[in-house]
Amino acid sequence: ENVLLAGDERALRMLRSLAAQIEQLLARPGISAEVIVVADSADDAEQVEPMLREHFPIDLASLSLRAVGAGGVKYHEKKNVGAAAASGDVIVFLDS
């Protein structure tokens, strides 16, 4: 169940909740964050990323936000795709 398959309202609620947590994190000096959504395919990622940018209620100048495709891999392997795309020292996984 990725963001595309979940109901729009459910996905928007998840984004708002995540954004509120990230805003608290970014309020600390010297902290940066990135959000990586792992989609089922490159095509899904192309659809998800504009939705994220439109609906994510945070100033995107202070946040790296992107979607990556992980076609042909199992659910648990998608976390490895997300981790490989990450640039930070700390990684937090959120599942829908």
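This is a predicted model: local features need pLDDT of at least 70, side-chain atom pairs count only at pLDDT 80 or more; totals for chains, interfaces and linings use all residues.
Me: What does the secondary structure of the protein come to?
Reply: The protein has three helices and two strands.

Me: And in what order do the elements run from the N terminus on?
Reply: They follow the order α-β-α-β-α.

Me: How many of the residues count as buried?
Reply: Of the 96 residues in the protein, 28% are classed as buried.

Me: Turning to contacts, what share joins residues at least 24 apart in sequence?
Reply: That share is 63%, taken among contacts between residues at least 6 apart in sequence.

Me: Where does lysine 78 lie?
Reply: Lysine 78 is part of helix 3, which covers residues 75-85.

Me: Is lysine 78 buried or exposed?
Reply: Lysine 78 is buried, because its relative accessible area is 17%, and buried means under 20%.

Me: Which residues does lysine 78 touch?
Reply: Leaving aside residues up to four places away in sequence, lysine 78 is in contact with Val38, Asp40, Ala70 and Val73.

Me: Now the surface: what does the accessible surface of the protein come to?
Reply: The accessible surface is about 6300 Å², and carbon and sulfur atoms account for 51% of that.

Me: Which residues make the nonpolar surface patch?
Reply: Val90, Val92 and Leu94 form this patch of about 350 Å².

Me: Where is leucine 94 placed?
Reply: Leucine 94 sits in the segment after helix 3.

Me: And why is leucine 94 classed as exposed?
Reply: Leucine 94 has a relative accessible area of 59%, and exposed means over 50%.

Note on methods:
Residues are numbered from 1 along each chain as its sequence is written. Side-chain values use heavy atoms; hydrogens and water are left out. Helices (H or I, at least four residues) and strands (E, at least two) are DSSP runs, numbered from the N terminus. Buried means under 20% relative accessible area, exposed over 50%, partly exposed in between (1.4 Å probe, protein chains only). Contact means heavy atoms within 4.5 Å. Patches are made of residues with over 30% relative accessible area and no salt bridge: like charges are joined within 9 Å, nonpolar side chains (Val, Leu, Ile, Met, Phe, Trp, Tyr) within 5 Å. Accessible areas come from the Shrake-Rupley method with a 1.4 Å probe; for residues, only the protein chains shown count as cover. A salt bridge is a side-chain nitrogen of Lys or Arg within 4 Å of a carboxyl oxygen of Asp or Glu.
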